[in-house]
Amino acid sequence: MKTSIIGYPRIGSQRELKFAEEKYFKGEISLEELGKIGKELRLKKLLNQLDSGIDFSPSNDFSFYDGRLDTAAMLNTLPDGPHVFVSKNNPLAKKKTVLRKDLLEYPRLTYDQGVNNSFYFSEEPHSTDESPKSIVVADRATLFDLLIGLNGYTISSGILSSDLNGTGIVAVPLKSNEEMDVGYIHSAQQPLNGIAERYPEHFRVYMEDYKQLTD
């Protein structure tokens, strides 16, 4: 009989990954050092499984942050185009695709950064669409709570993390002629601060991992 397991803890026996990520975000270690620690943990868990007599070691079970998002990006299954976020108990959650007219009877929740909001760029697709019931929220956590409490909706990318948002909200494709690309824009005359610089670098760690897995 051959043996295998469905996954293996990635954080390390002494929580090495957690502490390394905290140091990286504080600027105490470099991107290369974080990547090296990740590789060491992957090798250690593989050797532990072999020493335990496991015949088949699971693959692609390591992530620096969000394993579900990593897998979706690796398999190129990230949602295309705008989606609506609704409570899993909302009637719209049962639809394969939502039309904009389907949304009219539900409250629309939109996110606004207040004085920091851009005059030229919108936080969400279809920002100029009229809604009979519109609620503006300045806090993301509050927005998600209201999606459930008021049975409302918001329009976004379709990418959800159950670690951050729980399992009470689902993403449903919205039939739309608008496109949505996730990225960032900054002024060439104003350099990014340390935290902002580390964010895209951290994202590149993911992309390098995907490349190694698919090459």
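Me: What is the mean pLDDT of the protein, and what share of its residues reach 70 or more?
Reply: This is a predicted model, in which local features need pLDDT of at least 70 and side-chain atom pairs count only at pLDDT 80 or more, while totals for chains, interfaces and linings use all residues. Residues are numbered from 1 along each chain as its sequence is written, and side-chain values use heavy atoms, with hydrogens and water left out. pLDDT is the predictor's confidence in each residue, from 0 to 100. For the protein, the mean is 81, and the share reaching 70 or more is 83%.

Me: Why do the buried residues of α1 line one face of the helix?
Reply: Buried means under 20% relative accessible area, exposed over 50%, and partly exposed in between (1.4 Å probe, protein chains only). In α1, residues 16-25, the buried ones are Leu17, Ala20, Glu21 and Tyr24. They line one face because, viewed down the helix axis, they fall within an arc (taken from the directions from the axis to the C-beta atoms) of 100°.

Me: Which side chain of opposite charge is nearest to Asp102, and how far away is it?
Reply: Asp102 sits in the loop between β1 (83-87) and β2 (108-111). Lys and Arg count as positive and Asp and Glu as negative; His and the chain ends are not counted. A salt bridge needs a side-chain nitrogen of Lys or Arg within 4 Å of a carboxyl oxygen of Asp or Glu. Asp102 is buried and has no salt bridge, the nearest such side chain being Lys95, at 4.2 Å.

Me: Which residue has its backbone nitrogen 2.9 Å from a polar atom of the Asp102 side chain?
Reply: Leaving out residues up to four places away in sequence, Asp102 touches Leu92 and Lys95, where contact means heavy atoms within 4.5 Å. The backbone nitrogen at 2.9 Å from a polar atom of its side chain belongs to Leu99.

Me: What is the phi of Asn151?
Reply: Asn151 lies in the loop between α4 (140-149) and β4 (153-156). Its relative accessibility is 27%, so it counts as partly exposed. Most residues other than glycine have a negative phi. Asn151 is not a glycine, yet its phi is positive, about 55°.

Notes. Helix = DSSP H or I, 4+ residues; strand = E, 2+ residues; numbered from the N terminus. Polar contact = N/O pair within 3.5 Å; in protein donor to acceptor, adjacent residues only side chain to side chain.
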